[in-house]
Protein chains: 2
Amino acid sequence: MAQKLESKERLREICRVAARVFYEKGYDGASMQDIAKAVGLTKAGLYHHVGSKDRLLYEIMNYGMDILDETVLQKVKDIADPQEKLRQTIVGHIDLIVRARDQEITVILHENRSLRGALRKKINARKREYIHYLEGLIAQVQERSGATPLLSPPLAAFALLGMVNWLYQWYRSEGLTKQDELTPAYVDFFFRGLLSTA
Amino acid sequence: MAQKLESKERLREICRVAARVFYEKGYDGASMQDIAKAVGLTKAGLYHHVGSKDRLLYEIMNYGMDILDETVLQKVKDIADPQEKLRQTIVGHIDLIVRARDQEITVILHENRSLRGALRKKINARKREYIHYLEGLIAQVQERSGATPLLSPPLAAFALLGMVNWLYQWYRSEGLTKQDELTPAYVDFFFRGLLSTA
């Protein structure tokens, strides 16, 4: 058990370093040799840990989805009220995108053309699971509001994901807008649009 | 003049083909030889037209911004009412992202890590100009509504760009949601959030 945990932490460390190298050199531009050197492993040692370059990219994306799960979804899972649960999910998701720590992983997770075949399907299935979770919450929130909503749950979920995930394109923590201003403004904006009626 | 037009059209054709090759192989993975072959030029001929691989990437992004200008902004420039002008801008921008024709150019425009230095600055300046245009319109719309807005014009502009640009990640014209349902739903959603008051 201790060994398994250690090996998981080792894989995550490799993912974080490799994400940085991919971010700097591009997926095609970065060689396994570059990554091994950055991690402090031999090339053979790196292949032993991750199997292949494709698999490494998959592990980075999977790690990105793990972070969402562990730092956002686990924290809200016991909230009973759907509106509060959705609100806290959005707050957590914004926090995840905005903090600089996992920036490279966020970018790689959203620019996933390089991953193909079965591994791409596995990541897309995890992303889809999160989208369905959001759609379900949105539907519950709309039902409870009792009004006829303007936006179907899938369109609302993608509008939300767009607003929030796009943050990585422009938001800089050293900029004028602070996170404690951004987050409530976006949450309120989303709920106003969501709960308006035709 | 005719020659200049012809050379512009030739450059655009190269951009469209090269965007497809970059999309398939990645910027680092695609060689100038690959692109020359796809365009039907010798490698020397391709370099003659575009100067360098960096420059070619820049030309593709610049072409993407030209399309926005020509097919969206030119069409709305004479609309006097700010709310109608903003509405038609959003309609046009959604149409641009959603139609499959320029898909590869859209992707390349938004995943711009590969471009560096002065060329990156030039593209970012064009993107910033569009953002300022949106912010200006949003401020006018909010002023005319007379109410205290929830969202500052920059935050509203980026929320809008997120919702709309994210479409390229998920929207497929062959899917369940048709564009004539999507577009008014997103436009109304945005305006509800924008014009709500605290």
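This is a predicted model: local features need pLDDT of at least 70, side-chain atom pairs count only at pLDDT 80 or more; totals for chains, interfaces and linings use all residues.
Me: Where is A:Lys85 placed in chain A?
Reply: Look for helix H5 of chain A, residues 82-98; A:Lys85 lies in that helix.

Me: How do you know that A:Lys85 has no salt bridge?
Reply: A salt bridge needs a side-chain nitrogen of Lys or Arg within 4 Å of a carboxyl oxygen of Asp or Glu. The nearest side chain of opposite charge, A:Asp78, is 7.3 Å away, so A:Lys85 has no such partner, although the lysine is buried.

Me: Which residues is A:Lys85 in contact with, leaving aside neighbours within four places in sequence?
Reply: A:Lys85 touches A:Val76, A:Lys77, A:Ile79, A:Tyr133 and A:Leu137.

Me: What makes chain B and chain A partners in contact?
Reply: Contact calls for heavy atoms within 4.5 Å. By that rule, 37 residues of chain B meet 37 residues of chain A.

Me: How much area do chain B and chain A bury between them?
Reply: About 3,400 Å², with 65% of it on carbon and sulfur atoms.

Me: How many salt bridges and how many residue pairs in polar contact are there between chain B and chain A?
Reply: The salt bridges number zero, while six residue pairs are in polar contact.

Me: Which element gives the most to the side of chain B that touches chain A?
Reply: That is H10(B), with nine residues. On this side of chain B, 19 residues are nonpolar, 10 polar and eight charged.

Key
Residues are numbered from 1 along each chain as its sequence is written. Chains are lettered from A and ligands numbered from 1 in the order in which they are written. Side-chain values use heavy atoms; hydrogens and water are left out. Helices (H or I, at least four residues) and strands (E, at least two) are DSSP runs, numbered from the N terminus. Buried means under 20% relative accessible area, exposed over 50%, partly exposed in between (1.4 Å probe, protein chains only). Lys and Arg count as positive and Asp and Glu as negative; His and the chain ends are not counted. Buried area is the accessible area (1.4 Å probe) that two parts lose on being put together, summed over both. A polar contact is a pair of N or O atoms within 3.5 Å; within protein, one must be able to donate a hydrogen and the other to accept it, and residues adjacent in sequence count only if both atoms are side-chain atoms. Ala, Val, Leu, Ile, Met, Phe, Trp, Tyr, Cys and Pro count as nonpolar, Asp, Glu, Lys and Arg as charged, and the others, Gly among them, as polar.
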